Amino acid sequence: MSKPVGTPIIEGKNLIKDFSVNSNSLKKSKMRAINDVSFKMYKSRGLAVVGESGSGKSTTAKMYAPSGGQIDYYGRDIQTITSRDDLMEYRRGVQMVWQDPFGSLNPTHTIFHHIARPLLIHNKVPSGNKKELEETVYNLLEQVGLIPPKATAEKFPHQLSGGQRQRVNLARNIAVGAEVVLADEPTSMLDVSIRAGVLNLMEEMKFEREMALLYITHDIATARYIAEDLAVMYVGHMVEWGDTEQIIHNPQHPYTQLLVSAVPDPSKSIHTKLKGNKGEIPLWTPDSFGCPFAGRCMQATEKCREKLPEITQLADNHFVRCYLYEN
Ligand SMILES: Nc1ncnc2c1ncn2[C@@H]1O[C@H](COP(=O)(O)OP(=O)(O)OP(=O)(O)O)[C@@H](O)[C@H]1O
Ligand SMILES: [Mg+2]
């Protein structure tokens, strides 16, 4: 079992995010997309976030303007970052990778432009030094397996495959020296046959570039492969989190048990099972109470419906939010 070491690069503390929702009444109502979500990310370490559709995974990853709680970057609340230089530094250090690899690329620009631009914006290469810029771009393309680099650089995004486009996005993260990569289902739109290659590359970035990786997925098998830590979300709450292997082999929260049992072979995807349950998900509002899973839980008691359970630490790196384990 691996334990996190050192201080976190980024830390979410008791995050809440409310959204206004349309309702029939004149009163404006709100839904709480995430409630009391906390996590820590360390260099060379992956945190996978799993949960069904609408459980708040992407909201957690977006990491800005929370309705409550705070996000610390190297121990500093990001809301207090105001100077231009510090903001640039945060934007350089924390990068996103989206589900749709095409969405973040501009169809009218070459691949060369896509890599060169962040290098220049973040002063990784002195402007005006064309030769050095070219060499750096080609080198980055080679590092992410886009060869021959010169020919790739001349292409436009539509001339690449989905997997190659996602590699361009990852090359941009390497280009700026990202310290944190937030990847929101980065391979779910790719052909199954090329997913492993992209995940391998992210795994390499994690170790060789010491990046902290947040990996959102429906697929517990890949979570296992790429992330030392796992957080299981249900209706905006982290219900169980900690060491990935320990949780998969010894799930404690009734929801995690359901997730893992839905996968006879945990190396297979839980995607189908999760999507199938979509219709039953309750909506959480700022006035909701109780455990969000109580309505589906075989072991729920009156208490579970009345008050959200506190967090219980089960081991060094294993936490659960469930009355079954409260002392
Ligand atoms: N901008 C927004 N305005 C209103 N509601 C939102 C907004 N963004 C997210 N939500 C709601 O917040 C909840 C959590 O959404 P989120 O996108 O974080 O879920 P998710 O776990 O990423 O789901 P998926 O697996 O489908 O991507 C959902 O009920 C969603 O409808
Ligand atoms: Mg999402």
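A salt bridge (a side-chain nitrogen of Lys or Arg within 4 Å of a carboxyl oxygen of Asp or Glu) joins the side chains of D86 and R76, at 2.9 Å from N to O. D86 lies in helix α2 (residues 84-93) and R76 in strand β5 (residues 76-77), so the pair ties together parts ten residues apart in sequence. Helices (H or I, at least four residues) and strands (E, at least two) are DSSP runs, numbered from the N terminus. The model is predicted: local features need pLDDT of at least 70 and side-chain atom pairs count only at pLDDT 80 or more, while totals for chains, interfaces and linings use all residues. Residues are numbered from 1 along each chain as its sequence is written, and side-chain values use heavy atoms, with hydrogens and water left out.

The structure holds 17 salt bridges. One of them pairs R32 with D18, with the closest N and O atoms 2.7 Å apart. R32 is in strand β2 (residues 29-41) and D18 in strand β1 (residues 10-21), 14 residues apart. Both R32 and D18 are buried (under 20% relative accessible area; exposed is over 50%, partly exposed in between, with a 1.4 Å probe and protein chains only). D86, by contrast, is partly exposed at 31%.

The axes of helix α3 (residues 111-121) and helix α6 (residues 162-175) come within 9 Å and cross at roughly 20°. Axes are lines fitted to C-alpha atoms, for helices over the stretch in contact, and angles run from 0 to 180 degrees between N-to-C directions. The two helices α3 and α6 are therefore roughly parallel (angles under 35 degrees; over 145 is roughly antiparallel, 65 to 115 roughly perpendicular and the rest oblique).

Conventions: Chains lettered and ligands numbered in written order.
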